[in-house]
Amino acid sequence: MAEEQELLVIEKNIGKKVKEAVTVIEVIATFQNNGFGIYASVRENGEEFTLCGSFANFLTEGQTYLIEGKINRYKDQINIMGFQALPVQPKSEKGIISYLATLDGLKKRAELLYEHFGDEILELIVEDPERVANEVSGIGIKSVMKWREEIVEREDEQIVLVTLLGYGLTEKQIRELFNLYGESIIHEIKKNPYILSVKLRGYGFKKCDAIAAQMGNPLDAKERVAAASLYLLEQARYDGHSYLPYNELHTRIQELLEIKLEQEEMQEVHRNRTDDGYIYEQEGARFSIEKEIFERAFNDIKMNIIPHFSLGLISKERFDEALMHLEDELAIKLEGENIYETSIFYSELDVVRHILRLLKTDEVEPKGKMYVDEHLEETGFNLEEMQIKALELFTSTKYGVQILCGGPGMGKTFTINQILKVIELLAKDKGVPKEIKIFAPTGRAAKVASISTGRDACTTYRGLQFIPMEGFLYNERNPLEADVVVIDEFSMMDVEISAHLLNAIPAECKVLIIGDQRQLSSVGPGKVLADLLEVPEIPRIQLNVVKRQGEGSTIVKNAMKIAEGQMIEIDNNSTDAFFIRKHEPEEIHATLIAGVRKLIKKGVKMYDIQVLVPMKNGIMGTNYINYLIQQHCNHLIEREGAILNKKFLVNNRECTLNFHLGDKVIQTENNYNLKTYHKKENGKMLELQELGVMNGEIGAVVSIGRLRLESGEMVDAMWVKYGDIYVRYVKEFGELDHAFAISIHKSQGSQWQYVFLLISMHHRRMLENSVIYTGYTRPQLFCCLIGDPKAVEIAIKTETSSQRYSGIAEKLKEDLGCLGLKVL
C-alpha cells in the first residue's frame, strides 16, 4: 500500500522541478556530440533512479552532485532530466562510500573506512591524513596523501564550476570553455575577462565588463577599450554600417565607458586634492582632472547648472593603443579614418574586385538588337520605352553586369523574362545553350521569383550550397556553372552575402541585378545596391511606368507619392487602398481585428492576409498584435495542445503566446538540416530528399503533440505545412515565430493579396520613408493603412536608410577611372 501511495505521489510530480543531492553509481551512456549522459544514481534516502541530461562535464561514477532538473517518465520508469549538476561533498552513507570507492586504490576498503570513521572520513583525509593512516591497519600515509590530493583537486574543480556559474554562464558555455582552456579557464578569464565575449555566442561585452569590475580591472585597461571597440563595431553592423569613422567610434566609446561624477563624488575629489591637482580613483585606476576644468564643473554642479561631471576615461593614446592591438590580432582593419571589422572590410574589397572584373570582361553582342526586334514582333508585346531600352542594353553585351531598377508593378520581372528569352534565342542561334541561374536573398523571395519567371530560383545560401563549419561549396576557386546569373531583390543583399555570391560568378558570365532602391536596405551591413547606383560606369535602366495594378490603382499612386516624400491621398472612389485614421493603440487594435474578421468571413484565407508592423516589441509590436489576432481570429485555439513560443510584457502585463493548431508561423533563420515530407493520400508522411527550411518561409501549424526520442525523453512536437511540404519541429521551436503579423523588414521580397499596415507614434524610432514604402508596396489587391496621420507623415518625410557608412561606391569610383561605358 505504501509503495502504491509513493507511486501516486511520483505520478503527480511528473514535470515538477527538483533540486537535491544525488550520487552517481554507474555511467550508463554518454554522447560526445552534445554532452548528454544517462546515469544510474541514488538519492540521499537510498532510492535509486536514472538521471539524464547535458552538463558542463560528463558526470563521474561515485561523485555526489547537487542537481537541478525535473521529474520525467520513460515507459514505466521515473527519471530526472537534469539541467545543472554541481559537484558537492556527499552526506549520506551510501554517497560517502560511493565517493571513497572512486579514489585510487580504495575501492575494496571504502566500507571499512566508513565503518571506522563514519561521516567524518572525507574531512579527516584532508585535515588529518596521519590519523587515518595510523588507525586503520594496512593503509599507509602515502596512500592517504594521494587520496587527499584527489579530494582537493575535485574541490578545486567545484570552485571553478561555482565561479563560472556565478558569472552567469550556462552548462553548455562552461563545457565549451573547458574544451578550449581546460583547468586554466579561471586564470584565462582573470587575465582578460573579455575573451568570454569572443569565445561564447550570446555572452556580450556588458557581462564581461561586470566581471572585470568585480576583479578590480582598471577602467582604462587596453583590453577593456579593445573589447568596447569590437562591441560598438558589432552594434554598428546591426545598424547597417560597414565601418565607423575614427572620431565617431572614439565618441561612442567615451559614451559607453564614461563615469558620471555626482556632486557627492566631486566633493570627495575636492577634499582629497593633492599638490598634483585633482585625482579621481576607482577600481585600481587613477585619473587626473585639469584644475580649471574640475573647478568650473564643481561650481556648476553646486549651482545645479549641470547634473554631473562626465569624466572622459579613454584618451586618444589609449584608444590608438587598443586599435593597434585589435589590428595585430586581425580583428579589425584600418583604412584611413575608417575602422572596419575585418570580415566586412574584405567583403567590400571582394564586391569591388568582382564588379570591376565583370565590367572589364564585357564584350559587344552584335546581333542583340536584331533579336530584340524579332522577339517583340513575334510576341506582339507592347513595351514602354524604358523596357525596350532595357532589352536592347542588356542583350547588347555578352557578359558584364547590369542593373534593372523600378518600383512596384513596373514590370521588372516581365522585362527580365523577355531579356532572358532573347539571350536564349541568341544562344540557340549559336548552338550553345545558356545556363541561367536565379538567386534571391530569402526563401520566400526565391519562391516569388520562381513563380513569376517560370524558372527555378533559390536562395543565395542554397544556390552556393552552404556547408556548416566549412563555408560555401561554390566560391572563387570553385565557381558556379552559369552563363547568366540573375539576382532578384538585390536591395536586401548585405555586403557579406553579396561578396560570397560575386566570388562564385565565373569568367564570361552576364550578371543581371534587379532591385528597388526605395525599399529598405539590407538587414545586414552595407547598402550595396545604392552604392552600385552611385557609380555611373555601371549600366542601369530605371523603369518608370506602372504595369501591374494599372494606372487607376491607388496603391501604386500612393507608393509613388511616398517615394517622392509626399503625403498619401485616399479618395472615396478607391477600390484597393484605404486609410483608417486612428490614434490610440486600442483603437488601432479593434479596427484591425474587425478588418481581419471581415475578410475571413468573406472567404479570404489567413495565408493571403498579412499584417505588417514596423517593430517587434511594445503595445504596437508584432508580438502583441500576433497575440491579439490569435485570440480573436484563430477558432482552433480552443483545441488541445499548445507549445510555448514566448512570454513578454505589455504595459506591465505578462502575455503568453503559445503555438496552437491553425496558427500562421514563420521560419526565422535558415535551417539546412530540417527534414521535409510529403503527405500521402493515406495520411502517412513520405520523407523527401530535399532538406531545409529557409528564413522567411511562412506556413501553418497543422498538428501538435508529444514525441518520444531515442534517449527516452518525451518532448513536444509540431508539424508545420509550407505550401505542399510538411516539416516536423521537435527542439527547433526557437526558429519559429508567429506570422499573423510580421515586421516590415521581414516582408521584403514578398507579396500578399491583402495587407494591413499599422503605423503609430509608438513606432517613433522606426518611422522612416523606406519602411513605410516597403510596407505599402507589399499588397497585390488590397492595402488598408490603419494609424495616426501624424506618424504616417513623419515616416514619409524622414530619410535615414541611406545614412549608412559604406565604402563600396568610393572604392569603385577610385578604381574604375573611366571605362568608356555608355550610360542610358
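Predicted model: local features only at pLDDT ≥ 70, side-chain atom pairs only at ≥ 80, totals over all residues.
Among contacts (heavy atoms within 4.5 Å) between residues at least 6 apart in sequence, 68% join residues at least 24 apart. Numbering starts from 1 along each chain as its sequence is written, and side-chain values use heavy atoms, with hydrogens and water left out.

**The chain overall**

- You'll find 30 helices and 34 strands here, where helices (H or I, at least four residues) and strands (E, at least two) are DSSP runs numbered from the N terminus.
- The C-alpha trace spans about 110 × 85 × 60 Å along its principal axes.
- Of the 824 residues, 51% count as buried, meaning under 20% relative accessible area with a 1.4 Å probe, protein chains only.
- The accessible surface (Shrake-Rupley method, 1.4 Å probe) comes to about 40,600 Å², and carbon and sulfur atoms hold 48% of that.

- Seven strands line up antiparallel in the order 27-26-30-29-28-25-31; two strands pair if DSSP finds at least two bridges between them.
- Strand 27 (685-693) and strand 31 (736-738) are the edges, and each has a single partner strand, so one side of each lacks a neighbour in the sheet.
- From one strand to the next, the twist averages 40 degrees, using lines fitted to C-alpha atoms and angles from 0 to 180 degrees between N-to-C directions.
- Strand 25 (residues 664-667) is joined to strand 28 (residues 698-708) by three bridges, and Ile666 has Ile698 as its bridge partner there.

**Helix 24**

- Eight of the 10 residues of helix 24 (residues 554-563) are buried, among them Ile555, Val556, Asn558 and Lys561.
- Those buried residues pack against strand 21 (577-581), helix 28 (769-776), strand 34 (779-787) and helix 29 (789-797).
- At the helix start, a side-chain oxygen of Ser553 comes within 3.3 Å of the backbone nitrogen of Ile555.
- Just past the helix, Gly565 has a positive phi of about 80 degrees.

**Cysteines**

- The disulfide count is zero, taking a disulfide as a pair of cysteine sulfur atoms within 2.5 Å.
- Cys783 is in no disulfide, and its nearest cysteine sulfur, that of Cys784, sits 7.4 Å away.
- Cys783 counts as buried at 0% relative accessibility, and Cys52 is buried too, at 5% relative accessible area.

Notes:
Buried < 20%, exposed > 50% of the residue type's maximum accessible area, 1.4 Å probe, protein only. Polar contact = N/O pair within 3.5 Å; in protein donor to acceptor, adjacent residues only side chain to side chain.
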